[in-house]
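The sequence and structure come first.

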Amino acid sequence: MTEIYFTTLMDFKKSVEVINDYTEFWDKHDLDQINIDSLKNITDLKDSKLIETTPLDIYKTHNTIKDQITNSTSLKAVFPYLHPEYPKLIENILKENGNIELIIPKSIYNAITSSINSKIKQQASAQERLTIYPVDEDLKVYLTICDESISFGLFKNDKSFDQNRILICNSDKSKNWAGELFKNIKHDVIK
């Protein structure tokens with residue numbers, strides 16, 4: 001029993017450290033779409049790095065995400081909004097016979113799909129390398145799972161996306177954590 005208590009206490013301590021180390025990321029943000037299992041396993045993000053915009057580099061978070069996607073041959077993502085560069089980044093992965101799985105609001109579905117070359121899009125869909133889940137529900141997280149890394153962003157309590165900070169990580173634990181979160185969000189929002 002002592003060993004169980006000790007292990008539980010150490011896991012709790014690591015969870016507190018992850019939250020304290022990235023207080024700006026977690027504080028005053030909407031965590032409703034993060035399921036209880038993901039919250040319990042928050043220590044899987046302990047090797048994360050907080051990326052924040054600066055007055056001299058206001059695109060730092062976007063450029064970090066863009067680099068991750070550009071250097072990847074596959075992408076699973078929850079995109080709650082459309083950045084104008086996303087369709088081209090998606091198209092480039094599909095050109096290289098990569099796989100894409102997206103969860104997006106219905107409101108941006110046409111903007112994304114109409115910007116991807118129709119021949120590439122049709123071929124990828126026919127080969128089941130492109131799957132897009134347009135949803136009615138508001139998405140409250142931003143998540144990308146690339147070959148080597150993940151990026152994870154949150155919405156503020158005022159329901160606006162916090163584009164000034166994201167967590168990135170390249171550990172296997174973080175990729176597994178992100179994969180489970182993606183699976184749970186997909187289960188919750190796809191009707």
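## Contacts and basis

Among contacts in the protein (heavy atoms within 4.5 Å) between residues at least 6 apart in sequence, 74% join residues at least 24 apart. The model is predicted: local features need pLDDT of at least 70, side-chain atom pairs count only at pLDDT 80 or more, and totals for chains, interfaces and linings use all residues. Residues are numbered from 1 along each chain as its sequence is written, and side-chain values use heavy atoms, with hydrogens and water left out.

## Secondary structure and surface

The protein has eight helices and eight strands; these are DSSP runs numbered from the N terminus, helices being H or I of at least four residues and strands E of at least two.

The accessible surface (Shrake-Rupley method, 1.4 Å probe, with only the protein chains shown counting as cover for residues) is about 10,800 Å², and 49% of it belongs to carbon and sulfur atoms. Of the 191 residues, 45% are buried, where buried means under 20% relative accessible area, exposed over 50%, and partly exposed in between (1.4 Å probe, protein chains only).

## Nonpolar cores

A nonpolar core is a set of buried Ala, Val, Leu, Ile, Met, Phe, Trp, Tyr and Cys residues joined through side-chain atoms within 4.5 Å. The largest one has 27 residues, and those with the most contacts inside it include Ile 69, Leu 75 and Phe 79. Helix H5 (86-95) and strand E4 (99-105) are among the elements that each supply at least two residues of this core. H5 gives the most, with five residues.

## Cysteines

Cys 146 is buried at 4% relative accessible area, and Cys 169 is buried at 4%. With a disulfide taken as a pair of cysteine sulfur atoms within 2.5 Å, the count is zero.
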